[in-house]
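Reader: Could you take me on a close look at one part of this model, the place where the two chains meet? I would enjoy a connected account.

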Amino acid sequence: MPKMAKSANITWKTSRLPDEGRHKKDCLKMEERDLLNAGFRYALSLVRVEPDAEDLVQESWLRLYKKRGRRINKSLLFRTIRNLFIDQYRRGKLAVFGQFNEEQEYPELTSLPSDVTMMDLELALAGLRPEEREAIFLNSVEGYTVDEIADFTQRSRGTVLSLIHRGKQKMAKVLNPMGSDRQESSI
Amino acid sequence: MSNFDETIKRYYSSMSLPAEKVETILANSVRVRKSLFSRYYKFAGIAALLLIGFVGLHLQLHKATMTERLLAEIAMNHQKRLNVEVSTDQYEVVQEKLNRLDFSILPVKSELIVNYTLLGGRYCSIHGGLAVQLKVREKASGEFMTLYVTKLTDTLEDITPLDAEFDGVRIRLWKEDNRLLAIAGNKEASQ
C-alpha cells in the first residue's frame, strides 16, 4: 500500500487577518455611533434644545457603559435617557412638562404641505409638550406601536393615542394654518 | 407611512450628534470603563491581601495554640513523676526494652549524655504520638529532670525550638534527626 503523503495530514491554521479585526472594530464603533445618534434624537424629542439633548445622551451613555460595557441596546439607552430626563426635571434642571389641557380642541390633521421647511417643523415641534413629542417620535420615527409606547412610558394606551393625536393636531395648526382655518370655518 | 410621519422622520433623521461629540463620548466611555476596572483591581488586591493576612494570622494562632498544648502536656507529664518502667543508666537498654519505639532515643547532643545521668524510661505520648519519657539527673545540681523523645510528625514539624516556662516547669524544645526532643525541670530547683 503506498504511503500517504505527509502533506495530506497537514491542516492549515487560518489565522485571523489583521484587517478582519479592524473591520470588526470599525463595525462596532459604527453601531455605537448609530446608537448614540438614535439616543440623541430621542433626547431631542424630550428636551428640544440640542445642547441639553447632547448632555442627556452623554450622561446616559456613560452611566450605561460604566455598568454594562458594550452591552448597550437602544431600548436600554432610551430608558436611561428617559429616567435621567425625569430626574433632571424633578430637580428643576429642565423646565418642560406642561399642563395637559384636555378641554382644548385642535383641528383634525390633514396632509402636510409639501413646502414645509425644517424651520417650520422645528417651530411646530417646539409648540408640543415633551410627552407629545416623545410619543410622536417613538411612533413616527422609531416605529413603536401604541402598545409598545404605552408599555415603555408606563401610560395607558388611551393616553398615548391622545398624546399622538393632539400632538399631530397642534403641529398641523402651525404647519398648515390655511387647512385648519378652512376646517374651523366649516365647523 | 403617512405624509406626516415621513416629514417627522425626515426632520429627526437630519439631526445627529456632532462627530466630535460622538468621539468625546466614546473616548470618555472607554476611560470610565478603564477606571472602573482599575477600581475593581484595587478592591481585588485589597481583598487578596486581607485574605492572605487572615490566613497567615489563623496559621500563626493555630501554631501558637499547638505549641502551648505541647508545653502543657510536657509539663503535666513531668509533674506526675511517674515511675520508670525500665530502670537503667544505659540508653541502649531502654531502647531495647521499649521495643515499640520506632525511633532512636539516644540524644545527639553529647552534653546531655555527659552532663546528665540516665535513671530509666517509660512509654508516654506526646500530641497523640508514641513517645519515651526518660528520667535523668543533672550531674552538677543533682536535679531530676524529664527528657522526652518522639518522632516528628507533620503537625509537630511546625513547632519551633524554644525555651519556655509553663506551669512552674522549665521546658526546652528542640529538633534532632527527624525527632522532637524536650527536657523539663522544676523552676525552683534551678534557682
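Reader: Before we get there, what share of the contacts in chain A with a separation of 6 or more comes from residues 24 or more positions apart? After that, please go on to the interface of chain B and chain A.

Author: Happy to, and please keep in mind that this is a predicted model. Residues 24 or more positions apart account for 70% of those contacts in chain A. The chain has 8 helices and 0 strands, and 41% of its 187 residues are buried.

Now to the interface. On the chain B side, 28 residues are in contact with 36 residues of chain A. Together the two chains bury about 3,000 Å², with carbon and sulfur atoms giving 69% of that area. B:Phe4, B:Tyr11 and B:Tyr12 stand out here: they supply 24% of the area that chain B buries against chain A, more than any other three residues.

The rule finds 7 residue pairs in polar contact across the interface, both residues being at pLDDT 80 or more. Helix H1 (3-13) and helix H2 (19-80) of chain B each bring at least two residues to the side that touches chain A, and H2(B) gives the largest share, 12 residues. Sorted by class, that side of chain B holds 14 nonpolar, 7 polar and 7 charged residues.

A polar atom of its side chain lies 2.7 Å from the backbone nitrogen of B:Leu17. Leaving aside neighbours within four places in sequence, A:Asn37 is in contact with B:Ser16 and B:Leu17. A:Asn37 counts as buried because its relative accessibility is 13%, under the 20% cut-off.

There are also 2 salt bridges across the interface. In one of them B:Glu23 pairs with A:Arg33, and the closest N and O atoms are 2.8 Å apart. Side chains of opposite charge can pair when their charged atoms come close. Both partners are partly exposed: B:Glu23 has a relative accessible area of 32%, and A:Arg33 has 27%.

For contrast, look at a pair within chain A: A:Glu134 and A:Arg155 meet in a salt bridge at 3.6 Å, N to O. This pair links distant parts of the chain, with A:Glu134 in helix H5 (residues 130-141) and A:Arg155 in the loop between helix H6 (146-153) and helix H7 (157-175), 21 residues apart. Here A:Glu134 is buried, at 2% relative accessibility, while A:Arg155 is partly exposed at 24%. B:Arg179 is buried at 3% relative accessibility, and B:Glu176 is buried at 9%. Over all chains, the search finds 16 salt bridges.

Let us finish with the nonpolar packing. The largest nonpolar core has 53 residues, and A:Trp61, A:Met171 and B:Ile8 touch the most other members. Helix H1 (residues 18-47) of chain A gives the largest share of this core, 9 residues. Not counting residues up to four places away in sequence, A:Trp61 touches residues of chain A including A:Leu35, A:Leu36, A:Ile72 and A:Leu77, and from chain B it touches B:Ile25, B:Leu26 and B:Ser29. Apart from that core lies another, of 20 residues, among them B:Tyr123, B:Val132, B:Trp174 and B:Leu181.

Methods:
Residues numbered from 1 in each chain as written. Chains lettered and ligands numbered in written order. Heavy atoms only, no water. Contact = heavy atoms within 4.5 Å. Buried area = accessible area lost by both parts, 1.4 Å probe. Salt bridge = Lys/Arg side-chain N within 4 Å of Asp/Glu carboxyl O. Polar contact = N/O pair within 3.5 Å; in protein donor to acceptor, adjacent residues only side chain to side chain. Helix = DSSP H or I, 4+ residues; strand = E, 2+ residues; numbered from the N terminus. Nonpolar A, V, L, I, M, F, W, Y, C, P; charged D, E, K, R; others polar. Core = buried A, V, L, I, M, F, W, Y, C linked by side-chain atoms within 4.5 Å. Buried < 20%, exposed > 50% of the residue type's maximum accessible area, 1.4 Å probe, protein only.
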